[in-house]
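The sequence and the structure come first.

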Amino acid sequence: MKLIRNGFCGASLFFLSLVPALGQSDAPTPDADPVLVFNRLCYAQVPVVRNIEDMATRFAWERMGGDDLKQFTTIDNPSYLKGWDARIAKRLYRLGVVQSSLTESFKNAFPEFADGKATGCTLILDGRDSAEVVLERMNALARKQPDSTDVPDGKLLTTTWSGGNEDFKVFLIFKSGENGKANLLNVTILSKDTG
């Protein structure tokens with residue numbers, strides 16, 4: 001996951017400390033399926049960031065700024081970086097979107113996309129969901145098994161999927177804690193379209 005670490009998903013450790021504060025429970029959460037929320041807010045929207053902004057405006061999500069927002073990327077000068085605290089079905093999620101030209105590691109791995117853009121959307125979960133259940137639902141969303149599972153990343157475990165075609169490369173990332181709870185979902189899409 002070196003490619004992603006050098007790209008958009010720098011929020012992991014910062015948000016690990018946030019998760020317990022947002023509330024935990026061993027009970028299932030029938031009021032919201034985080035993978036369904038992730039699909040609707042991120043996966044089905046990127047690389048068109050305007051759609052996410054429109055939802056944020058329509059649902060009056062609280063805009064994020066400062067250090068909280070900076071935690072969504074490791075890129076120095078992204079062309080787009082916005083984030084919100086989103087209340088959905090009585091639950092609080094943090095959502096961050098970043099867009100930029102490709103990092104050197106992405107350019108080296110995918111030279112045919114070197115002049116394109118990378119768009120990442122990260123959904124920070126509230127620590128209430130079972131990692132096992134979220135993993136199963138992410139497999140269904142990706143329609144395949146992961147490329148790697150439970151790779152240690154500090155205090156988190158990272159699972160990844162990848163795919164795409166000649167116009168797009170798609171990476172899905174799921175991070176869970178050692179406590180068996182789901183923490184973070186990310187989609188990063190490389191596209192040749194620079195418009």
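Rings of Phe, Tyr and Trp, the last taken by its six-membered ring, count as a pair if their centres lie within 6.5 Å. In this predicted model, Phe59, Trp61 and Trp84 form one aromatic cluster. Over the whole structure, a search finds four aromatic pairs. A further ring, that of Phe113, has Lys192 over its face, at 5.4 Å from the ring centre.

**Confidence and overall make-up**

The average pLDDT of the chain is 84, and 83% of the residues score at least 70. Over residues 1-30 the pLDDT is below 50, although this stretch has 77 contacts in the model beyond near neighbours in sequence. Where pLDDT is low, the predicted coordinates should not be read in detail.

The chain has 195 residues, of which 50% count as buried. Its secondary structure comes to seven helices and eight strands. Among contacts in the chain with a separation of 6 or more, 62% are between residues 24 or more positions apart.

In soluble globular proteins, nonpolar side chains tend to be buried together. Here the largest nonpolar core has 35 residues, and those with the most contacts inside it are Phe38, Leu95, Met138 and Val187. At least two residues of this core come from each of helix 3, helix 4 (49-58), strand 2 (80-88), strand 3 (91-101), strand 4, helix 7 (131-142), strand 7 (168-177) and strand 8 (182-191). Helix 7 gives the most, with six residues.

What does Val187 contact once its neighbours within four places in sequence are left aside? The list is Phe38, Cys42, Tyr43, Val46, Thr119, Gly120, Cys121, Val170, Phe171 and Leu172.

Leu135 is found in helix 7. Apart from neighbours within four places in sequence, Leu135 is in contact with Thr159, Trp161 and Phe174. Pro146 is 11 residues from Leu135 along the chain, and their C-alpha atoms are separated by 9.2 Å.

**The disulfide**

A search of the whole structure finds one disulfide. The bond joins Cys42 to Cys121, with an S to S distance of 2.0 Å. Is this disulfide left-handed or right-handed? The torsion about the S-S bond of Cys42 and Cys121 is about -55 degrees, so the disulfide is left-handed. Cys42 lies in helix 3 (residues 34-43) and Cys121 in strand 4 (residues 117-124), so the pair ties together parts that are 79 residues apart in sequence.

**Backbone details**

The peptide bond from Val46 to Pro47 is cis, with omega near 15 degrees.

Positive phi values are found at Ala60 and at Asp150, neither of which is a glycine. Ala60 sits in the loop between helix 4 and strand 1 (62-64), whereas Asp150 lies in strand 5 (residues 148-153). Are these residues buried or exposed? The relative accessible area of Ala60 is 65%, so Ala60 is exposed. Asp150, at 39%, is partly exposed. The table sets out the two residues.

| Residue | Phi | Relative accessible area |
|---|---|---|
| Ala60 | near 55 degrees | 65% |
| Asp150 | about 50 degrees | 39% |

Asn77 is found in the loop between helix 5 (66-70) and strand 2. With a relative accessibility of 71%, against a cut-off for exposed of over 50%, Asn77 counts as exposed. Asn77 and Ser100 are 23 residues apart in sequence, and their C-alpha atoms are 7.8 Å apart in space.

Key:
Residues are numbered from 1 along each chain as its sequence is written. This is a predicted model: local features need pLDDT of at least 70, side-chain atom pairs count only at pLDDT 80 or more; totals for chains, interfaces and linings use all residues. Side-chain values use heavy atoms; hydrogens and water are left out. pLDDT is the predictor's confidence in each residue, from 0 to 100. Contact means heavy atoms within 4.5 Å. A disulfide is a pair of cysteine sulfur atoms within 2.5 Å. Helices (H or I, at least four residues) and strands (E, at least two) are DSSP runs, numbered from the N terminus. Rings of Phe, Tyr and Trp (its six-membered ring) pair if their centres lie within 6.5 Å; planes under 30 degrees apart count as stacked, over 60 as edge-to-face and the rest as tilted. A charge sits over a ring if NZ of Lys or CZ of Arg is within 6 Å of the ring centre and within 35 degrees of the ring normal. A nonpolar core is a set of buried Ala, Val, Leu, Ile, Met, Phe, Trp, Tyr and Cys residues joined through side-chain atoms within 4.5 Å. Buried means under 20% relative accessible area, exposed over 50%, partly exposed in between (1.4 Å probe, protein chains only).
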